[in-house]
Amino acid sequence: MLKSCSRCGRVHDFNKQCFINKQIRGYSTADKFRKTYRWHKKSEEIRKRDNYLCQVCIADIYNTDNIYNYNKLEVHHITSLEEDINRCLDNDNLITLCCYHHKLADKKIIPKFILEKLIQPNRDLLKIKAEVNNQVTPLASYDD
């Protein structure tokens, strides 16, 4: 019996397991941390702090389609877990982003200093937007 493979798009035998495009996760300290109750609790706290909205979308920077984007939200570590695991639960290291802006932040297209400014309580979104517009950003190099 044959089946259509959701990983590679080909047709395989029903008993064959396809390993194409399989992500290997769960082996690093960062991957183990992301599965903990503490992380899930902190993630929800950060989303609530950011009013369940992407902070880059609110600032209307980096190709924002919807200013009030509450779809596909993720919590991003500004300083990655691989760089400094000790900052994993620091409020000043976490920001709510949509999946599009999260990819841009991971690829360092959105600089850390912009993300740090966006989480400040007394931020000025117009100044941040002006600062970003004055920069030369390599958005044309972004590939999905």
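**Legends to close-up views of a predicted model**

The lining of the largest pocket consists of 8 nonpolar, 7 polar and 9 charged residues.

**View 1. The largest pocket holds about 510 Å³ of space.** Its lining comprises 24 residues, and those closest to the pocket centre are Arg 34, His 76, His 77, His 102 and Asp 106. Two or more lining residues come from each of helix H2 (37-49), strand S3 (73-77), helix H4 (99-106) and helix H5 (112-118). By class, the lining splits into 9 charged, 8 nonpolar and 7 polar residues. Rolling a probe the size of a water molecule over the atoms shows where empty space is left.

**View 2. His 102 is one of the residues closest to the centre of the largest pocket.** His 102 belongs to helix H4. His 102 counts as buried because its relative accessible area is 14%, and the limit for buried is under 20%. With residues up to four places away in sequence set aside, His 102 touches Glu 74, Val 75, His 76 and Leu 97. One of these contacts, His 76, is also listed among the residues closest to the pocket centre.

**View 3. The second largest pocket has a volume of about 160 Å³.** Its lining is made of Cys 57, Asn 63, Asp 65, Asn 66, Asn 69, Asn 71, Lys 72, Cys 98, Cys 99, Tyr 100 and His 101. Helix H4 supplies the largest share of this lining, 3 residues. The lining divides into 5 polar, 4 nonpolar and 2 charged residues.

**View 4. Cysteines Cys 98 and Cys 99 both line the second largest pocket.** The whole structure contains 0 disulfides. Cys 98 takes part in no disulfide, and the nearest cysteine sulfur, in Cys 54, lies 3.7 Å away. A disulfide would need the two sulfur atoms within 2.5 Å. For Cys 99, the closest cysteine sulfur is that of Cys 98 at 5.9 Å, so the two are too far apart for a bond. Are these cysteines buried or exposed? Cys 98 is buried, at a relative accessible area of 4%. Cys 99 is partly exposed, at 26% relative accessibility.

**View 5. Phe 33 and Trp 39 form a tilted aromatic pair.** The structure holds 1 aromatic pair. A pair of aromatic rings is described by the distance of the centres and the angle of the planes. For Phe 33 and Trp 39, the centre-to-centre distance is 5.6 Å and the planes stand at 50°.

**View 6. Asp 50 sits in the loop between H2 and helix H3 (55-59).** The relative accessible area of Asp 50 is 7%, so this residue counts as buried. Not counting residues up to four places away in sequence, Asp 50 touches Gln 55, Ile 95 and Thr 96.

**View 7. Val 11 lies in strand S2 (residues 11-13).** Val 11 is exposed, with 57% relative accessibility; the limit for exposed is over 50%. Neighbours within four places in sequence aside, Val 11 is in contact with Leu 2 and Lys 3.

**View 8. Thr 29 is part of helix H1 (residues 29-33).** Thr 29 has a relative accessible area of 57% and therefore counts as exposed. The C-alpha atoms of Thr 29 and Glu 82 are separated by 8.5 Å, although the two residues are 53 residues apart along the chain.

View 9. Of the 144 residues, 36% are buried. Among contacts between residues at least 6 apart in sequence, 56% join residues at least 24 apart.

Note on methods
Residues numbered from 1 in each chain as written. Predicted model: local features only at pLDDT ≥ 70, side-chain atom pairs only at ≥ 80, totals over all residues. Heavy atoms only, no water. Buried < 20%, exposed > 50% of the residue type's maximum accessible area, 1.4 Å probe, protein only. 1 Å grid on protein atoms, 1.4 Å probe; cavity = no way out; pocket = protein on both sides within 12 Å on 5 of 7 lines; lining within 4 Å. Points joined across faces, edges and corners; volume = space filled by probe spheres on them. Helix = DSSP H or I, 4+ residues; strand = E, 2+ residues; numbered from the N terminus. Nonpolar A, V, L, I, M, F, W, Y, C, P; charged D, E, K, R; others polar. Contact = heavy atoms within 4.5 Å. Phe/Tyr/Trp six-rings, centres within 6.5 Å; stacked < 30°, edge-to-face > 60°.
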